[in-house]
Amino acid sequence: MNTARRLLPAKGGLPLYAGLGALAVLGALEWPVAMGVGIGYAVLRHRGPLAPPTEKR
């Protein structure tokens, strides 16, 4: 997980989403695959292991 956190964009994921979009437009990825990867990344960032640690009181 530490490697993924270092390699994937930390702020909002815009470069990742733009890259997926570009790959889909160029035909390197089919658009459903690009959407699936983008949605999966968003879920991991908000609820999964890539989510920022929550503050416990």
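Confidence in the protein chain is lowest in helix α1 (residues 2-7), with a mean of 62, and highest in α2, at 90; this score, pLDDT, is the predictor's confidence in each residue, from 0 to 100. Over the protein chain the mean pLDDT is 79, and 68% of residues reach 70 or more. This is a predicted model, in which local features need pLDDT of at least 70 and side-chain atom pairs count only at pLDDT 80 or more, while totals for chains, interfaces and linings use all residues. Residues are numbered from 1 along each chain as its sequence is written, and side-chain values use heavy atoms, leaving out hydrogens and water.

Let's turn to helix α2. Helices are DSSP runs (H or I, at least four residues), numbered from the N terminus. After α2 comes Gly 27, whose phi is positive, near 90°.

Now look for aromatic rings: the structure holds 1 aromatic pair. The ring centres of Tyr 17 and Tyr 41 are 5.9 Å apart and their planes lie at 70°, so the pair is edge-to-face (rings of Phe, Tyr and Trp, its six-membered ring, pair if their centres lie within 6.5 Å; planes under 30 degrees apart count as stacked, over 60 as edge-to-face, the rest as tilted). Because Tyr 17 lies in helix α2 and Tyr 41 in helix α3, the pair ties together parts 24 residues apart in sequence.

Technical notes. Helices (H or I, at least four residues) and strands (E, at least two) are DSSP runs, numbered from the N terminus.
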